[in-house]
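User: Please go through the structure shown below, taking the overall fold, then helix packing, then individual residues.

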Amino acid sequence: MAVHEHPHRSPGFHLPSFRRNRAASTYESAVSASTDTHTLRAYSLASLRLLTGFVFLWAFLDKTFGFGYATPSGKGWIDGGSPTKGFLSGVAAGPMESTFHSWAGDTWADWLFMAGLLGIGLALIGGIALRLAAVAGTAMMALMWVAEWPPARHLSDGTASMSTNPFADYHLVYAVVLIALALAAAGDTLGVGKLWAKLPIVRDHGWLR
């Protein structure tokens with residue numbers, strides 16, 4: 001008697017289904033890990049942005065009201081003090097030493113410096129106009145770098161400059177941070193960068209972002 005195999009086999013257990021499930025699980029894990037990394041990066045940049053913004057904003061507030069930190073009480077801008085006179089008149093090295101001395105305490109220098117501190121600080125904390133903040137902040141840090149002139153081993157009076165590095169100092173670090181925050185659109189997290197970017201004038205002028 002001949003035995004014929006039935007053309008329809010019982011489904012049973014199939015290992016390929018486990019492999020498919022394993023592949024799907026691996027893909028979902030990779031997507032989840034990528035999302036977590038992106039979120040961590042976004043919040044790290046936002047934290048850096050807020051801290052840097054506070055550095056600029058605090059400098060403005062302290063120089064304006066004289067909280068007794070870098071600016072003595074009673075010597076604030078509102079008390080008649082000059083935000084630039086002490087620093088610029090104290091420049092003692094570099095190719096622009098005499099130029100900075102001539103600018104020290106000038107009304108235009110005070111207003112420009114304070115407007116820069118306030119504008120950059122508010123832009124960073126709010127997460128708006130980061131490109132403008134990066135340009136303004138980089139220009140300010142470059143001038144302050146030249147004023148301190150780290151390459152000098154000695155000051156104009158012959159004393160040691162006590163420079164710790166002939167090139168890289170905190171002014172350059174701040175400048176690079178400002179540029180990086182602008183390029184990374186760091187205002188979208190913990191800021192109003194996305195809302196700012198939707199404004200018609202900002203959409204039409206990318207340099208305002």
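The questions and answers below follow that order.

User: What kind of model is this, and how are residues numbered?
Analyst: Numbering starts from 1 along each chain as its sequence is written, and side-chain values use heavy atoms, with hydrogens and water left out. Local features need pLDDT of at least 70 and side-chain atom pairs count only at pLDDT 80 or more, while totals for chains, interfaces and linings use all residues, as the model is predicted.

User: How many helices and strands does the protein chain have?
Analyst: Elements are DSSP runs numbered from the N terminus, with helices (H or I) of at least four residues and strands (E) of at least two. From the N terminus on, the order in the protein chain is α-α-α-α-α-α-α-α. The count is 8 helices and 0 strands.

User: What percentage of the residues of the protein chain count as buried?
Analyst: Buried means under 20% relative accessible area, exposed over 50%, and partly exposed in between, with a 1.4 Å probe and protein chains only. The chain has 209 residues, and the buried part is 28%.

User: What share of the contacts with a separation of 6 or more joins residues 24 or more positions apart?
Analyst: A contact means heavy atoms within 4.5 Å. Among contacts in the protein chain with a separation of 6 or more, the share from residues 24 or more positions apart is 61%.

User: How is α4 oriented relative to α5: roughly parallel, roughly antiparallel, roughly perpendicular or oblique?
Analyst: Axes are lines fitted to C-alpha atoms, for helices over the stretch in contact, and angles run from 0 to 180 degrees between N-to-C directions. Helix α4 (residues 107-126) packs on α5 at about 140 degrees, with the axes 9 Å apart. Angles under 35 degrees count as roughly parallel, over 145 as roughly antiparallel, 65 to 115 as roughly perpendicular and the rest as oblique. The orientation of α4 to α5 is therefore oblique.

User: How are α5 and α6 oriented to each other: roughly parallel or roughly antiparallel?
Analyst: The helices α5 and α6 pack at an angle of about 170 degrees, and their axes are 8 Å apart. The two are therefore roughly antiparallel.

User: How many charged residues are in the contact of α5 with α6?
Analyst: The α5 side includes Arg131, Trp145 and Glu148, and the α6 side includes Tyr170 and His171. Ala, Val, Leu, Ile, Met, Phe, Trp, Tyr, Cys and Pro count as nonpolar, Asp, Glu, Lys and Arg as charged, and the others, Gly among them, as polar. The contact of α5 with α6 has 14 nonpolar and 3 polar residues, and the number charged is 2.

User: Is Met162 buried or exposed?
Analyst: Met162 lies in the loop between α5 (130-148) and α6 (170-183). Its phi is positive, about 65 degrees, although Met162 is not a glycine. With a relative accessibility of 67%, Met162 counts as exposed.

User: What is the relative accessible area of Ala185?
Analyst: Ala185 is found in the loop between α6 and α7 (193-198). Phi of Ala185 is positive, near 50 degrees, in a residue other than glycine. Ala185 is partly exposed, at 39%.

User: Which residues does Thr189 touch, not counting those up to four places away in sequence?
Analyst: Thr189 also lies in the loop between α6 and α7. Thr189 is buried, with a relative accessible area of 18%. Its contacts, leaving out residues up to four places away in sequence, are Ala42, Tyr43, Ala46 and Arg49.
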